[in-house]
Amino acid sequence: TAVQVLSFTRLYDEVTRKVGGRVADIINDSDRIILMGRALYSVANELELWGKYASSAKFAQTLLTAITEFKTDAVMPEDLNSVADKLDDGYLKSKVHDVALIYSAYNAVLANEFLDPQDNTERLAEDLLTNRLFENKTVYVDSFKSFTGQQYKIIDRILNQTDDVTFSFTAPDLDYKKIDIFSGVRKTVDRILKIAENNGVIVTEPLILTEFHYADDTMRSIESIFSDRHTEICDNGESVTICKCANIF
């Protein structure tokens, strides 16, 4: 039985090798600014607020930062248009309209001529719609505290193709009402459960591991402090030393 250990990035590479990639020029940060400038120029006359900034490289960079965040969270131009339609006329509506318009124009400039590595996860999600590469596979997802919107899409594709998936998270319990350092992890678990439910995947009872594997009680006590369970350190010899250094080096 073949076992593969993959990050989301390497998963994209693996799927691309199997289903074939796209032939286009791969762009970098400098290319993005140039292409954003082209996109801004193409829609300058349609912008309600920002037409006068269409030739600004600094403005192009600001928009690229925003669009990168949108892509990471799987927010598309049509999502922004949907939000704009629900807003009352005013500055915010115009702002969202302009961002959606520029975002669409930028994607159109990229189209089939250029490949942006920032879109690899989105392309992976598209490939997995028609290529059921996870069928009859056992999948383990480990060492994550949360996922991006794009990564949730991949998880949705995986759970659509196989129900033999195990997720592991670091949290002492799944009390979703509790507010502590594990709150974000619990929210992640809750979203995974909803994705599983939407795909008709039966979820087994979560297994909470409580056994410790430290050589002495001091490390166990320190871990308890970080997980906010108590604030007393067990005194057990010299297994832990706290020292002050002259500088970070």
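Some housekeeping: residues are numbered from 1 along each chain as its sequence is written, and side-chain values use heavy atoms, with hydrogens and water left out. As the model is predicted, local features need pLDDT of at least 70 and side-chain atom pairs count only at pLDDT 80 or more, while totals for chains, interfaces and linings use all residues. Helices (H or I, at least four residues) and strands (E, at least two) are DSSP runs, numbered from the N terminus.

I start with α5, residues 91-110. The expected span of a helix is 1.5 Å times one less than its number of residues.

The axis of α5 comes within 11 Å of the axis of α3, residues 57-72, and the two cross at roughly 85°. Axes here are lines fitted to C-alpha atoms, for helices over the stretch in contact, with angles from 0 to 180 degrees between N-to-C directions. The pair is therefore roughly perpendicular, the term for 65 to 115 degrees. On the α3 side the contact (heavy atoms within 4.5 Å) is made by Phe59, Leu63, Leu64, Ile67, Phe70 and Lys71. On the α5 side it is made by Val99, Ile102, Tyr103, Tyr106, Asn107 and Leu110.

Buried means under 20% relative accessible area, exposed over 50%, and partly exposed in between, with a 1.4 Å probe and protein chains only. Among the buried residues of α5 are Ser94, Asp98, Ile102 and Tyr106. Their cover includes α2, α3, α4 and β2. Just after α5, Ala111 takes a positive phi of about 40°.

Next, α7, residues 149-161. Its 13 residues should span 18 Å, and its end C-alpha atoms are 19 Å apart, which agrees. Of those 13 residues, 10 are buried, including Gln150, Tyr152, Ile155 and Arg157. What covers the buried residues of α7 includes α1, α3, α6, β3, β4 and α8.

That brings me to Glu122, in helix α6. Is Glu122 buried or exposed? Glu122 is buried, at a relative accessible area of 13%. Leaving aside residues up to four places away in sequence, Glu122 touches Met76, Gln150 and Lys153. With Lys153 there is a side-chain to side-chain polar contact at 2.6 Å; such a contact is a pair of N or O atoms within 3.5 Å, where within protein one must be able to donate a hydrogen and the other to accept it, and residues adjacent in sequence count only if both atoms are side-chain atoms.

Last, Phe226 in α9 counts as exposed, at 63% relative accessibility.

Definitions and conventions: Parallel < 35°, antiparallel > 145°, perpendicular 65-115°, else oblique.
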